[in-house]
Amino acid sequence: MKRLIFALTATLLMANAPAAAQTVGFAEAIKILSASCGADIDKYCKSATLADNGIGQCLAQNEAKVSQKCNADRAVVASLIQERLAAQAAAPKICTNDARRLCKGVKEGAGHVLRCLLKAQRSVGEKCNTAIDLAGYR
Amino acid sequence: MKKLLLAGLSAAVMTTAVVGSSAQTQLNRNEIINSLQGAQQKVDVSADALQKAAFENIQKYPGANSPQGVPLWDKLASLRQFNIEITFDFDSARIKPESYETVGLIADALHTPYLQGQTFFIVGHTDAKGDREYNLELSIRRAKAVREALVTTFQVPSQYLFAVGMGEEQLREPSKPDAAINRRVQLINVGYR
């Protein structure tokens with residue numbers, strides 16, 4: 001019995017894990033930068049801004065002085081943002097056929113097609129559902 | 001017994017949920033989306049015209065505080081909009097690291113299909129302390145800084161975002177001109193253009 005419960009929990013965890021673990025939102029990503037590098041940014045990058053990778057460049061220039069945690073995490077943050085952007089660019093293409101099949105007559109724009117696909121989740125193909133998860137659109 | 005236990009358990013879960021949500025930042029992506037999305041009438045106000053009107057308001061009604069707001073501004077009142085607090089260094093357009101998350105939330109919202117393809121004004125406002133023209137210039141620089149961060153760091157398509165500064169010309173709380181509530185960044189959905 002105990003083993004069964006354990007197996008069940010493991011399955012549940014695994015079912016939840018992929019979507020949550022693979023991409024994160026922009027707010028969540030950049031929050032890591034504030035948490036890990038906030039003090040270094042205020043110390044060494046007083047004139048750098050969040051625009052044009054100014055903060056990233058400044059932290060790179062001050063690599064030797066910046067905390068170890070910041071040096072490790074700033075690269076992570078940059079790739080997290082890129083991963084989410086890529087997932088969002090890919091989702092509409094991956095879902096084209098599902099949208100054609102399940103959302104006939106739904107007009108494009110303003111999220112109408114996405115709303116339709118979210119509603120039709122059970123009929124939507126696995127690839128499209130995963131793409132929606134990775135894009136953070138659920 | 002089973003029922004009682006279940007009831008107790010669900011009550012406990014609910015409590016956790018409530019505590020959890022209040023412990024987080026109040027702001028979330030869906031709140032921004034819900035405030036900004038939706039059908040609305042067309043408003044033919046350009047960002048340039050609005051910016052010009054703000055400068056003209058200072059020339060027309062000089063003085064420490066403006067006796068009245070910018071007439072063109074009223075046209076935007078009916079549009080979908082959202083006020084957000086972003087903190088900057090004193091007298092500067094440098095966004096503080098503590099506000100990175102907020103800018104990221106705006107990016108999260110603007111990158112959803114619900115808002116994609118629509119045009120937004122990013123409007124900076126100050127409180128009424130200090131010189132009006134200085135405040136206007138500062139708010140322009142701050143609105144631009146937010147726009148730049150969205151366009152570069154978070155790659156929101158640049159053609160959909162316009163930065164406008166209103167300085168202290170459109171206070172949120174005119175009865176308390178120096179209050180912090182007036183300092184804000186406002187997102188306004190001006191629709192498909």
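In this predicted model, helix 4 of chain A passes helix 7 of chain A in a left-handed crossing. That's one helix pairing to look at; another links chain A to chain B, where helix 2 of chain A and helix 4 of chain B make a right-handed crossing.

- Helix 7 of chain A covers residues 126-135, and its axis sits 8 Å from that of helix 4 of chain A, at an angle of about 155°.
- An angle over 145 degrees counts as roughly antiparallel, so helix 4 of chain A and helix 7 of chain A get that label.
- On the helix 4 side of chain A, the residues that meet helix 7 are A:Ala87, A:Gln88, A:Ala90, A:Ala91 and A:Ile94.
- Facing them from helix 7 of chain A are A:Lys127, A:Cys128, A:Ala131, A:Ile132, A:Leu134 and A:Ala135.
- Sort the residues of this contact by class and you get 9 nonpolar, 1 polar and 1 charged.

- Chain A brings A:Phe26, A:Ala27, A:Ala29, A:Ile30, A:Lys31, A:Leu33 and A:Ser34 to the contact, all from helix 2.
- From helix 4 of chain B come B:Tyr100, B:Glu101, B:Gly104, B:Leu105, B:Ala107 and B:Asp108.

**The whole A-B contact**

- Zooming out, 25 residues of chain A touch 24 residues of chain B.
- Two elements of chain A each give two or more residues to its side: helix 2 (26-44) and helix 4 (68-94).
- Helix 2 of chain A gives the most, with 10 residues.
- The chain A side as a whole divides into 13 nonpolar, 9 polar and 3 charged residues.

**Domains of chain A**

- Chain A is split into domain 1 (22-84) and domain 2 (95-138).
- Going by C-alpha atoms, the centres of domain 1 and domain 2 of chain A are 33 Å apart.

**How confident is the prediction?**

- The average pLDDT of chain A is 88, and 85% of the residues score at least 70.
- Residues 4-21 of chain A are the stretch to watch, with pLDDT below 50.
- Beyond near neighbours in sequence, that stretch of chain A has 2 contacts in the model.

Conventions. Residues are numbered from 1 along each chain as its sequence is written. Chains are lettered from A and ligands numbered from 1 in the order in which they are written. This is a predicted model: local features need pLDDT of at least 70, side-chain atom pairs count only at pLDDT 80 or more; totals for chains, interfaces and linings use all residues. Two residues are in contact if their C-beta atoms, placed from the backbone, lie within 7 Å. Helices (H or I, at least four residues) and strands (E, at least two) are DSSP runs, numbered from the N terminus. Ala, Val, Leu, Ile, Met, Phe, Trp, Tyr, Cys and Pro count as nonpolar, Asp, Glu, Lys and Arg as charged, and the others, Gly among them, as polar. Axes are lines fitted to C-alpha atoms, for helices over the stretch in contact, and angles run from 0 to 180 degrees between N-to-C directions. Angles under 35 degrees count as roughly parallel, over 145 as roughly antiparallel, 65 to 115 as roughly perpendicular and the rest as oblique. A crossing is left-handed if the near helix is turned anticlockwise from the far one by less than a right angle, and right-handed if clockwise. pLDDT is the predictor's confidence in each residue, from 0 to 100. Domain bounds come from an automatic or database domain assignment.
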